[in-house]
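Subject: Handover of a structure and summary of findings

Dear colleague,

Please find below the structure that I am passing on to you.

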Amino acid sequence: MRILVTGGAGFIGSHLVDRLMENEKNEVIVADNYFTGSKDNLKKWIGHPRFELIRHDVTEPLLVEVDQIYHLACPASPIFYKYNPVKTIKTNVIGTLNMLGLAKRVGARILLTSTSEVYGDPLIHPQTESYWGNVNPIGVRSCYDEGKRVAETLMFDYHRQHGIEIRIARIFNTYGPRMNIDDGRVVSNFIAQAIRNEPLTVQAPGTQTRSFCYVSDMVDGLIRLMEGENTGPINIGNPGEFTMIELAENVKELINPEVEIISVENTPDDPRQRKPDITKAKELLGWEPKIKLRDGLPLMEEDFRQRLGVPRKN
Ligand SMILES: NC(=O)c1ccc[n+]([C@@H]2O[C@H](COP(=O)([O-])OP(=O)(O)OC[C@H]3O[C@@H](n4cnc5c(N)ncnc54)[C@H](O)[C@@H]3O)[C@@H](O)[C@H]2O)c1
Ligand SMILES: O=c1ccn([C@@H]2O[C@H](COP(=O)(O)OP(=O)(O)O[C@H]3OC[C@@H](O)[C@H](O)[C@H]3O)[C@@H](O)[C@H]2O)c(=O)[nH]1
C-alpha cells in the first residue's frame, strides 16, 4: 500500500506516520509546508527506504501515485488558524479540492480529518453526527469551522458525482507528545505553564467544556475508519468531559501542585460545551478510546520536560 499523509509533519500526522510505517508493506509519503509542523517530528523516518518527505503546500496541485490519502494538512490551533484566515480557508477548500482531484485521478481512497468545530457552539449535547451545528459564518473562527464544513461538502460531492471512496473523521480535541510547546491549545499551554512554573491561564468563564482524546487512541480510530467500509462522518474523540477549571486543577495536581490558576480574557465565539457521542464509532468501527485524561497527561509531561529542558524534581 502506498499512502500519502498531508500534514504528516504535524502533531497527529506524525503519530499516524509512525503507526503506518510499522507495517512493512506500507510506503508512506508525507506532503507538508511546515507551517505548524516540523521535520523533527519525522526524524526517525528520514532516509528510510519506505518513507518520503515532500515540502509541498496543498493549495497547489500534487501528483503522486498512491492508494490512500490521509488528508490532515491544515493548522489546527486557533491561534495559528486565525493568524492568516484567508490562507486557512484556501488550505481547507482549495487544498481539499486538490487532494480530491488527486484521489480521482489515481483512484485512491481519501480520508479527511474534519473537526468537532463543524458543530460550532452546539445546541445539542453530546454531539451526534446527525446534528448540523450552530456555526457563525462570519466570525473569527469561520475560516476553520466553515472551511472544514465546505471540505466535508466537497468530499461528499466528489463521492456522489465521481464515485470517489471517501472517509470523514470528525476529530474532537486531541492531545499528546509532540504538540507544539507554544501551540496555544489548552492542554499544551497548561502543561508548559505548569513545568515552567507560570500561572495556568484559564480563559473565562472556565466552565466551558471539552473532551480530550489521547493521540494513540485517535490514530487507532483514524486507521480503523480508513480501513473500514463506512464513509462517515464519524465522531472520533473521548467522551470524558471536563471544564477548563477542572482541566487546570488536574494539571496542577499531577504536574505542579505549587502553580497558580488564573482567569484571563477569552476569544470570540468560543464553544461553550463539547462532548462526542461515539455510538457510531463503537458500532461501525469497533473503536473506543482507552486512555483516560489523568493517564494521558503524565505521558505528555515527559515529552514536554525533555523539550523544555526541565527535568522532574526528586
Ligand atoms: N488536534 C486536534 O485536537 C484536532 C481536532 C480536530 C481536528 N483536527 C484536525 O486534524 C488535523 C491535524 O491536526 P494537528 O493537531 O496535528 O495540527 P498540526 O498543526 O500539528 O498539524 C497540521 C499540519 O499541516 C501542515 N499544513 C498546514 N497547512 C498546510 C498546507 N497549506 N499545505 C501543507 N501542509 C500544511 C502543518 O505544517 C502541520 O504539519 C488537522 O486537519 C486538524 O484540523 C485536529
Ligand atoms: O491557555 C488557554 C487556552 C485555551 N483555553 C480554553 O480551552 C478551551 C479549548 O481551547 P483550544 O484552543 O485548546 O481548542 P478549541 O477546542 O477551541 O479548538 C480545538 O477544537 C477542535 C480542533 O479542530 C481544533 O484543532 C482545536 O484547536 C477553550 O474553551 C479555550 O477558551 C484556556 O482556558 N486557556
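In what follows, helices and strands are DSSP runs, where a helix (H or I) has at least four residues and a strand (E) at least two, and they are numbered from the N terminus. Please bear in mind throughout that this is a predicted model.

Overall form

The secondary structure of the protein chain amounts to 9 helices and 13 strands. Along the principal axes, the C-alpha atoms occupy a box of roughly 55 × 45 × 40 Å. The radius of gyration is 19 Å, which agrees with the value near 20 Å that a compact globule of 314 residues would have. Of the 314 residues in the protein chain, 46% are buried. When contacts between residues at least 6 apart in sequence are considered, 81% of them join residues at least 24 apart.

An unreviewed UniProt entry carries the annotation "domain: NAD(P)-binding" for residues 4-298.

The domain assignment divides the protein chain into domain 1 (2-174 + 214-236) and domain 2 (177-210 + 240-275 + 291-308). Their centres, taken over C-alpha atoms, are 25 Å apart. Contact between the two involves 23 residues of domain 1 and 17 residues of domain 2. On the side of domain 1 that touches domain 2, the elements giving two or more residues are α1 (11-22), α2 (78-83) and α6 (215-227). That side of domain 1 consists, by class, of 8 nonpolar, 12 polar and 3 charged residues.

Ligand 1

The shell around ligand 1 holds 28 residues, of which the closest are G7, G10, T36, G37 and A76. At least two residues of this shell come from each of α1, α3 (85-106) and β5 (109-115). The largest share, 3 residues, is that of α1. Helix α1 is also among the elements on the side of domain 1 that touches domain 2. Sorted by class, the shell around ligand 1 has 12 nonpolar, 14 polar and 2 charged residues.

Ligand 2

Ligand 2 is surrounded by 18 residues, and the closest are A76, T115, R185, V186 and Q203. Domain 1 and domain 2 each provide at least three residues of the shell around ligand 2.

Residue H159

One residue is described individually here. H159 is found in helix α4 (residues 142-162). H159 counts as partly exposed because it has 18 C-beta neighbours inside 10 Å. Leaving aside residues up to four places away in sequence, H159 touches I164, I166 and T231. The C-alpha atoms of H159 and K104 are 9.5 Å from each other, while the two residues are 55 residues apart along the chain.

With kind regards

Key
Residues numbered from 1 in each chain as written. Chains lettered and ligands numbered in written order. Predicted model: local features only at pLDDT ≥ 70, side-chain atom pairs only at ≥ 80, totals over all residues. Domains from an automatic or database assignment. Contact = placed C-beta atoms within 7 Å. Nonpolar A, V, L, I, M, F, W, Y, C, P; charged D, E, K, R; others polar. Rg over C-alpha atoms; globule rule 2.2 N^0.38 Å. Buried ≥ 20, exposed ≤ 12 C-beta atoms within 10 Å, placed from the backbone. UniProt positions renumbered as here; feature names shortened; annotations may be inferred. Near = placed C-beta within 6 Å.
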